[in-house]
Amino acid sequence: MKKYALTSDKGDSDFWGFAHAAEGLFTPLPGEEGARRVHLAGCLPQGALQRCVDHVGSRRAVAGNAWFELLDGDGATMGSYFVNEVTVIDVKPSAGGAGLVDLTVTRWCENPLPGAERPWELIRTGHLNHTGMWHELAPKDRLTWLSVALWSREYQRQGKPDAPAGQVFTAAGARPLRLPCAGTPQPRLGRGWQSACPSAIASSCCSTSYWRSSRNEV
């Protein structure tokens, strides 16, 4: 299954290819919070990414900036992260099929928070389907959960009208929503979003169905 896609920030016409798996996207390198080393399994490189495959170890191995897209089971984009300075550092034949390769790339992106792979997988498999799944999470993990809710909001709201302007949502006192804020890096959001602090993430996402403890209650 194609779970991920890379497209140049220069436009959809410069498509870089699909990947069946991506290990390391949500794991910051030690001492470098925004740095990632990602292993893309079952990849068929195209465009600028393909041109870099033959130049590992040189400056020409830098493909540039891109949108890293997370796909559902039908290949639709659930959400995307902007990634900087994608650089190919290793290429190997893939066991995923003829003509495919496994790429190891470095990139810079602070937005994919540690632990976010779980809620993304729940969305992909359709298992994010009842309320209260976040109740037992620690504050830091709730922030991660909320970030995925924000980046997937457009996908989640397909075919559903937005809540009327001015509608009030009442927080349930039995389940206070505590989030880290002071000293937390402000994430740069995906396509079409502006910068927001964790409190803004909460206000943007609490209307999504899987955050409701009851009707109009989050």
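Good morning, colleagues. What we have before us is a predicted model, in which local features need pLDDT of at least 70 and side-chain atom pairs count only at pLDDT 80 or more, while totals for chains, interfaces and linings use all residues. Residues are numbered from 1 along each chain as its sequence is written, and side-chain values use heavy atoms, with hydrogens and water left out.

I begin with the overall layout. The protein has five helices and seven strands, where helices (H or I, at least four residues) and strands (E, at least two) are DSSP runs numbered from the N terminus. Their order from the N terminus is β-β-β-β-α-β-β-β-α-α-α-α. Of the contacts with a separation of 6 or more, 63% join residues 24 or more positions apart; a contact means heavy atoms within 4.5 Å.

I turn next to the interior. Among the 218 residues, 44% are buried, that is, under 20% relative accessible area, with exposed meaning over 50% and partly exposed in between (1.4 Å probe, protein chains only). The largest nonpolar core has 39 residues, and Leu40, Leu103 and Trp120 touch the most other members. Strand 6 (residues 77-93) gives this core its largest share, five residues. Such a core is a set of buried Ala, Val, Leu, Ile, Met, Phe, Trp, Tyr and Cys residues joined through side-chain atoms within 4.5 Å. Leaving aside residues up to four places away in sequence, Leu103 touches residues including Val38, Leu40, Pro45, Val88 and Val91.

Finally, the charged pairs. Side chains of opposite charge can pair when their charged atoms come close. A salt bridge here is a side-chain nitrogen of Lys or Arg within 4 Å of a carboxyl oxygen of Asp or Glu, and by this rule there are two. In one of them, Lys3 pairs with Glu121, with the closest N and O atoms 4.0 Å apart. Because Lys3 lies in the segment before strand 1 (4-8) and Glu121 in helix 2 (residues 117-125), this pair ties together parts that are 118 residues apart in sequence.

Glu121 also meets Arg124 in a salt bridge, at 2.5 Å from N to O. These two residues are three apart in helix 2, so about one helical turn separates them. Within it, Arg124 counts as buried at 10% relative accessibility, whereas Glu121 counts as partly exposed at 28%.
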